[in-house]
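Please examine the sequence and the model shown below.

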Amino acid sequence: MSTNIFWQESPIGKTERQKLLNQKGCVVWITGLSGSGKSTLACSLSRELYTRGKLSYILDGDNLRHGLNKDLGFKAEDRVENIRRVGEVAKLFADAGLICIASLISPYRKDRDACRELMQGSSFIEVYMNMSLQLCEARDPKGLYKLARAGKIKGFTGIDDPYESPLNCEIELKEKEGECPSPVTMAEEVIAYLEAKGFLQNQ
Ligand SMILES: Nc1ncnc2c1ncn2[C@@H]1O[C@H](COP(=O)(O)OS(=O)(=O)O)[C@@H](OP(=O)(O)O)[C@H]1O
Ligand SMILES: Nc1ncnc2c1ncn2[C@@H]1O[C@H](COP(=O)(O)OP(=O)(O)O)[C@@H](O)[C@H]1O
């Protein structure tokens with residue numbers, strides 16, 4: 001709890017940085033169950049943006065838990081702090097003028113909404129990977145669902161820990177007739193949204 005602190009203004013601001021990059025800083029927040037395809041979409045989106053000359057940066061929950069958040073586990077209060085920190089970091093990246101792609105389970109609605117509140121206007125874009133538990137569990141690329149079902153991991157999201165789906169997200173991606181759209185198709189949907197909202201230019 002710091003006291004006697006003052007905000008230091010910088011001579012070059014977000015407006016100048018956005019002009020330099022010819023884009024607008026924002027946060028694309030990807031939420032969903034483990035195995036729903038968050039990281040895959042984040043990578044595909046980052047690649048597609050790069051080919052269009054747009055600068056993005058991925059904040060991936062799993063990766064951040066190797067460094068910034070390595071003191072946190074998966075208890076409710078740790079997940080709350082995890083999302084709070086990443087929300088603040090995402091805000092900095094957006095302020096730098098980048099398209100910040102945050103990819104975390106972020107299971108609690110209140111925490112995602114708090115991250116949204118940090119951002120101005122419509123620059124927080126919540127993307128919900130609405131994939132069934134059945135699909136995620138069938139994928140199980142890390143074998144974590146198997147361990148959770150066997151009781152070897154306690155408090156696993158979707159098994160014995162809650163996931164609160166978004167009520168008003170900007171983009172919902174889901175299975176169609178039991179099939180999941182390809183990562184590129186999903187990335188294109190997000191890019192179409194960013195384009196329509198003017199984030200990919202700075203005129
Ligand atoms: N108990 C439990 N519940 C959920 N997930 C678990 C758990 N233990 C480990 N993992 C692995 O941690 C990754 C999720 O980290 P996040 O930082 O995104 O989680 S959270 O937003 O704080 O809920 C998650 O990665 P993804 O599969 O990419 O979602 C898992 O690999
Ligand atoms: N659109 C997709 N179509 C088919 N398989 C996918 C798709 N997206 C992800 N996958 C596969 O599903 C698994 C989980 O994806 P991942 O991106 O790691 O999910 P998450 O980050 O949500 O845990 C991976 O094996 C990945 O290859």
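How many salt bridges does a search of the whole structure find?

## Salt bridges

The search finds 11 salt bridges, a salt bridge being a side-chain nitrogen of Lys or Arg within 4 Å of a carboxyl oxygen of Asp or Glu. In one of them, Asp-95 meets Arg-17 through their side chains, with an N to O distance of 3.1 Å. This pair links distant parts of the chain, since Asp-95 lies in helix α4 and Arg-17 in helix α1 (residues 14-21), 78 residues apart.

## Basis of the description

The model is predicted: local features need pLDDT of at least 70 and side-chain atom pairs pLDDT 80 or more, while totals for chains, interfaces and linings use all residues. Residues are numbered from 1 along each chain as its sequence is written, chains are lettered from A and ligands numbered from 1 in the order in which they are written, and side-chain values use heavy atoms, without hydrogens and water.

Helices (H or I, at least four residues) and strands (E, at least two) are DSSP runs, numbered from the N terminus.

## Annotated domain

An unreviewed UniProt entry lists residues 24-173 as "domain: APS kinase"; such annotations may be inferred rather than shown by experiment, and positions follow the numbering used here, with feature names shortened.

## Packing of α2 and α8

Helix α2 (residues 38-51) and helix α8 (residues 183-196) cross at roughly 60°, their axes coming within 9 Å. Axes are lines fitted to C-alpha atoms, for helices over the stretch in contact, and angles run from 0 to 180 degrees between N-to-C directions. The two helices, α2 and α8, are therefore oblique to each other; angles under 35 degrees count as roughly parallel, over 145 as roughly antiparallel, 65 to 115 as roughly perpendicular and the rest as oblique.

## Packing of α4 and α5

Helix α4 (residues 76-95) packs against helix α5 (residues 109-118) at about 20°, with axes 9 Å apart. Thus α4 and α5 are roughly parallel to each other.
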